[in-house]
Amino acid sequence: MPTPEADPVRPLQLGVDRGSPVPLYFQLAQQLEAAIEDGTLTPGSLLGNEIDLAGRLGLSRPTVRQAIQSLVDKGLLVRRRGVGTQVVHSQVKRPLELSSLYDDLETAGQRPSTRVLARDLVPASAEVAAALGVAEGAEVQRLERLRLAHGEPMAYLRNHLPVGLLALEEDRLEATGLYRLMRAAGITLHSARQSVGARAADGPEGEQLDESEGAPLLTMRRTTFDDTGRPVEHGSHLYRASRYSFEFQLLVRP
């Protein structure tokens, strides 16, 4: 059995309502997920084995196993041989607003880091040319990065920028987000046009993001404009659906 220092479940206020129509496993899973989201259960914390949890909570072992499996499927817990069930991280929930993924991860305490994969000049495709307002085939800056949180791949980011807009030095790109660099260069970000979708990962994408081929990925395309209406970057990004979600705020028209 894990020691009390390594097992944070003991002080948690967990309980189930046996008179509720909500399944017991789902009640337990919701409470554990809430504890992960609010930081009570931190990354690396051990839950102990299913028998210990079942005895402690007065539940059957299959009920506890189902609760844990639902969180494993969400990417919040992982079963490690010789270690036990361990908290991996909370899912990142990103608001749909004009913000940098790096800033959002940092605000959420996710310890972001960046691996620069490509940084060069390429001919603009039809999509990039239309987004940036340049001729098709004209040179644009291409930037490809892998964004990580707690050292684990989170998103694959591909951005195109007008030539001469911004110095893209690799050490600075690894240390911070693109929007911070743009603001530091005196570029005022004003608005963006964005679309969100989903598709299955192909082999290379899955390998980059530590997902299996065919795993669901969230997609985002965004064109950002400065305060003069000039397009300053066009991004095409892939996010792990198991680790990431977008949040919308909807308003009712009067």
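These legends describe close-up views of one predicted model. Residues are numbered from 1 along each chain as its sequence is written. Local features need pLDDT of at least 70, side-chain atom pairs count only at pLDDT 80 or more, and totals for chains, interfaces and linings use all residues, while side-chain values use heavy atoms, without hydrogens and water.

**View 1. The open sheet of six strands.**
The strand order is β4-β5-β6-β9-β8-β7, with antiparallel pairing. Strands are DSSP runs (E, at least two residues), numbered from the N terminus; two of them pair if DSSP finds at least two bridges between them. β4 (112-123) and β7 (189-200) are the edge strands, each pairing on one side only.

**View 2. Strands β8 and β9.**
β8 (residues 216-226) and β9 (residues 231-240) run antiparallel, joined by nine bridges. Thr 223 stands opposite His 234 in β9.

**View 3. Thr 114 in strand β4.**
Thr 114 is buried, at a relative accessible area of 10% (buried: under 20%, 1.4 Å probe, protein chains only). Its side chain makes a polar contact with the side chain of Arg 147, at 2.9 Å. Such a contact is a pair of N or O atoms within 3.5 Å; within protein, one must be able to donate a hydrogen and the other to accept it, and residues adjacent in sequence count only if both atoms are side-chain atoms.

**View 4. Surroundings of Val 64.**
Val 64 touches Leu 28, Glu 50, Leu 53, Ala 54 and Leu 59 (contact: heavy atoms within 4.5 Å). Residues up to four places away in sequence are not counted.

Terms used:
Helix = DSSP H or I, 4+ residues; strand = E, 2+ residues; numbered from the N terminus. Buried < 20%, exposed > 50% of the residue type's maximum accessible area, 1.4 Å probe, protein only.
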